[in-house]
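Me: I'd like a close look at one part of this model. Could you walk me through a single strand and what surrounds it?

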Amino acid sequence: MQITVNGSTHQLDVDEDMPLLWALRDELNMTGTKFGCGKGLCGACTIHLDGQAVRSCLTPVSAAVGKSITTIEGLSKDGKHPLQKAWIEHGVPQCGYCQCGQIMSAAALLARNASPSDTEIDNAMSGNLCRCGTYPRIKIAIKSAASQSAAFYNADRTAEEATS
């Protein structure tokens, strides 16, 4: 099976029903995506599949063939995605375990809604659990990132156009 992760193509010799989470972590050694509950309830394993936030613990590898997978490692080329910067600026993480999934869900939200309301943020993030209770700081960081996302995406597009 061939899958594309963060713009790179990988050939995998695994069972087609293997959860994508294990293909990423065990086969490709991409450990940014975390195992949480294994039932799609906590969101720690959230990745993007063709830009949509999905739970990689429930998604079989076969469902990713021919699609674009983005993990936390691929969110930005230099780790300077507005959400990553906002997470640091607002001191969001405590234990940090759920944060990759939180950021991936927030990135999917901002990709489809550049200026989400509090309710839209609550709805988009409701499937991501944080045992440390950093929800208020997560919301502040998402709002902060939303105010900077347009400039980030425009700069990213300009850099891509310059190299092509």
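Which residue in E5 is the bridge partner of Thr4?

Reply: That would be Ser68. Keep in mind that this is a predicted model.

On one flank, E1 is joined to E5 by two bridges, and the two strands run parallel. Besides the Thr4–Ser68 pair, Val5 has Ile69 as its bridge partner in E5.

E1 also pairs with E2 (residues 8–11), this time antiparallel and through four bridges. Gln2 sits opposite Gln11 of E2. The two strands make a hairpin with two residues between them, and Asn6 in that turn has a positive phi of about 50°.

Now zoom out to the sheet. It is open, has five strands in the order E2-E1-E5-E3-E4, and its pairing is mixed. E2 and E4 (52–55) are the edge strands, each with a single partner, so one side of each has no neighbour in the sheet. From one strand to the next, the twist averages 40°.

H1 (residues 20–27) has buried residues Leu20, Leu21, Ala23 and Leu24. After H1 comes Asn29, with a positive phi near 55°.

Note on methods: Residues are numbered from 1 along each chain as its sequence is written. This is a predicted model: local features need pLDDT of at least 70, side-chain atom pairs count only at pLDDT 80 or more; totals for chains, interfaces and linings use all residues. Side-chain values use heavy atoms; hydrogens and water are left out. Buried means under 20% relative accessible area, exposed over 50%, partly exposed in between (1.4 Å probe, protein chains only). Two strands pair if DSSP finds at least two bridges between them. Axes are lines fitted to C-alpha atoms, for helices over the stretch in contact, and angles run from 0 to 180 degrees between N-to-C directions.
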